[in-house]
Amino acid sequence: MSDWGLIGQERAVRALSAALRQGRLPHAHLLVGPAHVGKGTLALRLAQAINCLAPVDERPCLACRQCRRIESFLHADLHLLTVEPGHREVRIAQVRELERALSLKPFEGRARVAIVDPADAMNLEAQNAFLKTLEEPPPDTVLVLVTCRETALLPTIRSRCRRIALGAVPVARLAAALAARGLSPEEAERLARWSEGRPGVALSLAADPELRQRREAEVERALSLPSLPLPRRLALADELAQLFTAPDGRDRQAEDAPPVPAPRFGERLWWVLDIWQSVWRDILLACAGPGAPIVNAERGAEIERLAAGLDTGRAAEALLAVWRVRRYLEDNVNPRLALEEMLLSLPEAGSPGRVA
Ligand SMILES: [Zn+2]
């Protein structure tokens, strides 16, 4: 399978499969790129390609026993280092435990593969401990670090890994891939556009009608923000701050279920902010003139109406406010204060010189 079953990440796949075929696979990889573009899937595919039973040119076959056991995180030589339910960080004790496991010979495959996802969730102590494994890797071990926040990793960790960057996929390419998976051309185009070229988002939306409805409701909320009175904005900041720290749902998993990579901390809020950002970017584009390709084209009329009441500078400020709150949250600023600052700086309908 030449694309390893990923959408639009050919360059990364080519680099890894060439290294595998030539027997020159580095012992440590750093997969970087935005959330939901396929980094986690690529890490798993690499573990499969390393241990697959098919001829070398056909790896990973995704059908043999090794591939299937890795796919479901059941393989004894696949180690996942991730945030445990109820925690916010990967801790040093987990790194030590991994170190011990990696010191043993592979049990059922060719090599042990450790996936660290999200790698940026390792706290400083854990990163320093992990550095030792990177510096003196046990034989028959491949380490794969996955992150959308590369700069949160120690430079000494980054410099010891082969960096592989993944990116968003052009919307038309993603739409074609979704259509090839059985979606109607209209639905494929819509979900590719809504997901802004992130295959993981598009596939989740395709699989879950309720998620599509929630997205539409969130666009609705973003469009109504300018008419939201200030006291209600403060209440909304509070609500969103709680969403940021809400449990990610893994605490409800069965105890004997195999572990899966933890989502980014605050994933439910990131999802909301992604949508708000797309709406405000659409408004800014509409301010600049008609005809620009917008993400939320279904709401084009309302976007045009909001844009008509704003000058370009004010729309850009609003987009920046949404962008800035993400930086604040990543930098551990108090979430409620950061969200209040954003919500209070968005334009108000009916105020002089602002949205009409
Ligand atoms: Zn296989």
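A helix axis is a line fitted to C-alpha atoms over the stretch in contact, and the angle between two axes is taken between their N-to-C directions, from 0 to 180 degrees. In this predicted model, the axes of helix 8 (residues 185-194) and helix 10 come within 13 Å and cross at roughly 55°.

**Helix packing**

- Angles under 35 degrees count as roughly parallel, those over 145 as roughly antiparallel, and those from 65 to 115 as roughly perpendicular, while the rest count as oblique.
- Helix 8 and helix 10 are therefore oblique to each other.
- The crossing in which helix 8 passes helix 10 is left-handed.
- Helix 10, which spans residues 209-224, also packs with helix 12, residues 267-288.
- For helix 10 and helix 12 the angle is about 55°, and their axes are 9 Å apart.
- Helix 10 and helix 12 are therefore oblique to each other as well.
- The crossing of helix 10 with helix 12 is right-handed, whereas that of helix 8 with helix 10 is left-handed.

**The second largest pocket**

- The volume of the second largest pocket is about 500 Å³.
- This pocket is lined by 21 residues, and those closest to its centre are Leu80, Thr82, Glu84, Gln94 and Pro259.
- Sorted by class, the lining has 12 nonpolar, five charged and four polar residues.
- The second largest pocket lies between domain 1 (10-165) and domain 2 (208-345), because both domains give residues to its lining.

**Cis peptide bonds**

- The peptide bond that runs from arginine 59 to proline 60 is cis, and its omega is near -5°.
- Proline 60 is found in the loop between helix 2 (39-51) and helix 3 (65-71).
- Aspartate 117 and proline 118 are also joined by a cis peptide bond, with omega about -5°.
- Proline 118 sits in the loop that runs between strand 3 (112-116) and helix 5 (124-135).

**A positive phi angle**

- Tryptophan 4 is a residue other than glycine with a positive phi, near 55°.
- In the chain, tryptophan 4 belongs to the segment before helix 1 (10-21).

Terms used:
Residues numbered from 1 in each chain as written. Predicted model: local features only at pLDDT ≥ 70, side-chain atom pairs only at ≥ 80, totals over all residues. Heavy atoms only, no water. 1 Å grid on protein atoms, 1.4 Å probe; cavity = no way out; pocket = protein on both sides within 12 Å on 5 of 7 lines; lining within 4 Å. Points joined across faces, edges and corners; volume = space filled by probe spheres on them. Nonpolar A, V, L, I, M, F, W, Y, C, P; charged D, E, K, R; others polar. Domains from an automatic or database assignment. Helix = DSSP H or I, 4+ residues; strand = E, 2+ residues; numbered from the N terminus. Left-handed = near helix turned anticlockwise from the far one by under 90°.
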